[in-house]
Amino acid sequence: MPVTLTDLVPNQTPVTIAEGFQFTEGPVWHPDGYLLFSDIPADTIYRYVPGGVPEPYICPSGNSNGLTFDREGRLVACEHGGRRVSRRGASGDMETLVDQHDGKRLNSPNDIVVHSGGAIFFTDPPYGIDPDPGEQGFNGVFRLDTDGSIAMLSQSMNRPNGLALSIDETVLYVDDSRNRHVLAYPLDSSLGVGEPSVLVDMDVDAPGGPDGMKLDSQGNLYVTGPGGLWVTTTGEEHLGTVEFPQLPANLCFGGASLTTIYVTARTGLYSIDVNVTGIPVF
């Protein structure tokens, strides 16, 4: 039988964890049992342990947005204020991994995903520097290799934002918030990209555009987009949209079994439970 939204998300009523932030983003789950997320204007990364309340973890955060962990479990952040991709060092300080391309400052790194081989993919729209047009002259999608070199993968997107890798890491998914669609870029053996195709068209009559995205262990794609959290099957069928008290910005899988989706939505942090496990970050 065809998969339905209820098969994946049995209870579509979100749980409110906390509210009263300024603008939440970039959630990521650590296997030790806690969630980190950004409050961009507050210049703070918060830590949340289920059953407790979110508490400041890193402040100042460089106005961090997207967060993840590398394959060694080190926190990696996209900083709007710092205009860099940073990583937490042994001292506890966030250290620069990259802040330039072609001798020019990055715009404002936004979202991030780490390949199993250690390469870091990130998007670089201008949200953190508007109305400054920036120095790059385009809004790019980049790959930072383990040797410290940076490769520009795309400069044709209007507002590249959230991104994710397919389970087999042969496709890079990137959404373009301004054009309201998710693109699929084939990846070759050297992690270069081919011509993209439109995977999900989100140009609908609802507020918002595609932002954060994650895959579950069956390859279903969950994207924060117009009207809420879009759930799309591996066959690219839009099963439905889960509504939240506020328009979602980003998400991650968490909890002991990776069957809780944590959603950052404007001034709040919310959760829903799902039936299919997410993919661990490391």
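Predicted model: local features only at pLDDT ≥ 70, side-chain atom pairs only at ≥ 80, totals over all residues.
Residues are numbered from 1 along each chain as its sequence is written, and side-chain values use heavy atoms, with hydrogens and water left out.

The lining of the largest pocket, that is, the residues with an atom within 4 Å of a point, comprises 32 residues, and Val113, Lys214, Ile279, Pro280 and Val281 lie nearest the centre. Two or more lining residues are given by each of strand 2 (24-30), strand 6 (64-69), strand 12, strand 16 (160-165), strand 20 (213-215) and strand 24, strands being DSSP runs of E of at least two residues, numbered from the N terminus. Strand 2 supplies the largest share, with five residues. By residue class, the lining holds 22 nonpolar, six polar and four charged residues; Ala, Val, Leu, Ile, Met, Phe, Trp, Tyr, Cys and Pro are counted as nonpolar, Asp, Glu, Lys and Arg as charged, and the others, Gly among them, as polar. The second largest pocket holds about 230 Å³ of space, and of the 17 residues that line it, Phe23, Glu25, Asn161, Asp211 and Arg266 are the closest to its centre. Its lining divides into six nonpolar, eight polar and three charged residues.

In one of them, four strands follow the order 12-13-14-15 with antiparallel pairing, two strands being paired if DSSP finds at least two bridges between them. Strand 12 (112-114) and strand 15 (150-154) each have a single partner strand and stand at the edges, so one side of each is left without a neighbour in the sheet. The twist from one strand to the next averages 25°, taken between axes that are lines fitted to C-alpha atoms, with angles that run from 0 to 180 degrees between N-to-C directions. Three bridges pair strand 12 with strand 13 (residues 120-124) in the antiparallel sense, and isoleucine 112 has phenylalanine 122 of strand 13 as its bridge partner.

Another open sheet is formed by four strands in the order 1-26-25-24, again with antiparallel pairing. Here the edges are taken by strand 1 (15-19) and strand 24 (250-254), each with a single partner strand, so one side of each is left without a neighbour in the sheet. Strand 1 is joined to strand 26 (residues 268-273) in the antiparallel sense over four bridges, in which alanine 18 is partnered by leucine 269 of strand 26.

Strand 7 (residues 75-79) is largely enclosed by the rest of the structure, because five of its five residues are buried, buried meaning under 20% relative accessible area, exposed over 50% and partly exposed in between, with a 1.4 Å probe and protein chains only. Both of its faces are covered, with Leu75, Ala77 and Glu79 buried on one side and Val76 and Cys78 buried on the other. Strand 6 and strand 7 run antiparallel and are joined by four bridges, and phenylalanine 69 has leucine 75 as its bridge partner in strand 7. The hairpin of these two strands has five residues between them, among which glycine 73 takes a positive phi near 80°. Strand 7 also pairs in the antiparallel sense with strand 8 (residues 84-88) over four bridges, glutamate 79 standing opposite arginine 84. In the hairpin of strand 7 and strand 8, which has four residues between the strands, arginine 83 in the turn has a positive phi of about 55°, although arginine 83 is not a glycine; this residue is buried, at a relative accessible area of 9%.

No disulfide was found in a search of the whole structure, a disulfide being a pair of cysteine sulfur atoms within 2.5 Å. The sulfur of cysteine 59 is 19 Å from the closest cysteine sulfur, in cysteine 78, too far for a bond. Cysteine 59 is exposed, at 54% relative accessibility, and is joined to proline 60 by a cis peptide bond with omega of about 5°.

How values were computed: 1 Å grid on protein atoms, 1.4 Å probe; cavity = no way out; pocket = protein on both sides within 12 Å on 5 of 7 lines; lining within 4 Å. Points joined across faces, edges and corners; volume = space filled by probe spheres on them.
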